[in-house]
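Visitor: Hi! I'm new to this one, could you walk me through it?
Guide: Happy to, let's take a look together.

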Amino acid sequence: MLSSSSTTVKNLLLKKRLCFLLKLVCCISSVLIFCEFLIYYVVIFQCRWPEVKGGAHMSRKETSASVLKAIILADTHLLGEIKGHWLDKLRREWQMERSFQTALWLLQPDIVFILGDVFDEGKWSLPQAWADDVRRFQKMFKVPASTELVVVVGNHDIGFHYEMTTYKVKRFGKVFNFTSGKLITRKGINFVLVNSVAMEGDGCTLCRTTEAKLVALSHKLNCSQQKPSNSNKRCSDVEKLPASEPILLQHYPLYRKSDAECTGEDSASPEEKNIPFKEKYDVLSQEASQKLIWWFHPRLILSGHTHSACEVLHTGKIPEVSVPSFSWRNRNNPSFIMGSITPTDFSLQKCFLPYESRVFTIYCAAGALLVILILAHFQLLTPPFYFAQRLISKHKAV
């Protein structure tokens, strides 16, 4: 009888331990699944496509047919083999992959623009390292057939001006079908892709080629916007494009003194805002900026590079939006821009990704709770009731 009851007690203890272990595994799994997967759906589900002003006068069918839904992001900075630690790569690249794929699934954009600095070490990468980085990018930022991906070159992809070579530019162009002055037209909307690294203005071979392409594009766009009655001989043989003012897409922002006038929770920190920008390094030179405005008279400019958000007006009427970094490595609160664009109008809305600090806080809170549960289970944690009772009994004894 004694051995039978002893066996029963042991079985009950074993069952309790297994049950407790199962509960721990379920708790840990739930926290991991939420922080590494579900949180992206919870946060991005709250983002909505902005409505263009003309959308109120169109039917739903006409609106969906004429409005181009674009996602714009910047500065992914995929780490390379030189400076990239494996844990840093794993953490930040998983965050970007889940953010991007979740946004694609929930928002279903027509087109995605990445405004440069796709890679962190493209300026240094040897062929094998470059191939590895490209392979990881193509896995992380894979898009369905219904969505187009357009990538603009940045200084970390090909190097700053004096590190930039024809080989690096061609290598990037071969992977992303990018040229240093390219026009794409979608749903009657003209987008001009600029290699802003080549806007140095010193007459280098790549700089001259880029400027020549941009001047040719400018001529073609200007001719397309002229009324037939005003057409002249210079435009007679030019291919006509939709008469829509272009949108400039580039990595460097146009010239501004600093980020002092920038506002918003994802703008630069107060310490960084008043640091003067260096021309041809932080922003384009005043001369290059003026050239782009003269050539294209854009209705919108989208740029990256600073890793912080900013909205400025050039010549009092041309808006430029600097898109923050998409990576936790550069920001605690990364984001992307959602744009609803028509040939005559546009509307932009920011969509924030999960904050890294909040994910970390959830992990810390869950970890602390698990420690308390484990201590309580093994009776290593004195319950507050007994602790209070002991204090009272000691006080009576005195």
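**A chat about the cysteines and beyond**

Guide: Let's start with Cys223, which is buried, with a relative accessible area of 3%. Buried means under 20% relative accessible area, exposed means over 50%, and partly exposed is in between (1.4 Å probe, protein chains only).

Visitor: Before we go on, where does the model come from?
Guide: This is a predicted model, in which local features need pLDDT of at least 70 and side-chain atom pairs count only at pLDDT 80 or more, while totals for chains, interfaces and linings use all residues. Residues are numbered from 1 along each chain as its sequence is written, and side-chain values use heavy atoms, with hydrogens and water left out.

Visitor: Thanks! Back to Cys223: which residue does a disulfide join it to?
Guide: Its partner is Cys235, with an S to S distance of 2.0 Å. A disulfide here is a pair of cysteine sulfur atoms within 2.5 Å. The link of Cys223 and Cys235 is left-handed, with -70 degrees about the S-S bond.

Visitor: And where do Cys223 and Cys235 lie?
Guide: Cys223 is in helix 7 (residues 205-225) and Cys235 is in the loop between helix 7 and strand 6 (247-249), twelve residues apart. Helices (H or I, at least four residues) and strands (E, at least two) are DSSP runs, numbered from the N terminus. Cys235 counts as buried at 5% relative accessibility.

Visitor: How many disulfides does the structure hold?
Guide: There are four disulfides. One of them is formed by Cys47 and Cys351, with sulfur atoms 1.9 Å apart. The torsion about that S-S bond is about 80 degrees, so the disulfide of Cys47 and Cys351 is right-handed. Cys47 lies in the loop between helix 1 (2-44) and helix 2 (60-66) and Cys351 in strand 11 (residues 346-352), so the pair ties together parts that are 304 residues apart in sequence.

Visitor: Are Cys47 and Cys351 buried or exposed?
Guide: Cys47 counts as buried at 11% relative accessibility, and Cys351 is buried with a relative accessible area of 0%.

Visitor: What about Cys204 and Cys207?
Guide: A disulfide joins them, S to S 2.3 Å. With 80 degrees about the S-S bond, the link of Cys204 and Cys207 is right-handed. Cys207 counts as buried at 2% relative accessibility.

Visitor: What is the pairing if you number the bonded cysteines in sequence order?
Guide: The pairing is 1-8, 2-3, 4-5, 6-7. Cys19 is in no disulfide; the nearest cysteine sulfur, that of Cys26, is 9.4 Å away. Cys19 counts as partly exposed at 37% relative accessibility.

Visitor: Which way do the residues of strand 7 point?
Guide: Leu300 and Leu302 point one way from strand 7 (residues 300-303), Ile301 and Ser303 point the other way, and all are buried. Strand 6 and strand 7 run parallel, joined by three bridges. Two strands pair if DSSP finds at least two bridges between them. Leu248 stands opposite Ile301 in strand 7. Strand 7 also runs parallel to strand 9 (residues 318-322), again with three bridges, and the bridge partner of Ile301 in strand 9 is Glu320.

Visitor: Nice. How many salt bridges does the count come to?
Guide: The count comes to 15 salt bridges. A salt bridge is a side-chain nitrogen of Lys or Arg within 4 Å of a carboxyl oxygen of Asp or Glu. Among them, the side chains of Arg91 and Glu36 meet at 2.9 Å, N to O. Arg91 lies in helix 3 (residues 86-107) and Glu36 in helix 1, so the pair ties together parts that are 55 residues apart in sequence.

Visitor: Which residues are linked in a network of salt bridges?
Guide: Asp88, Arg92, Asp120, Arg329 and Glu356 are linked that way.
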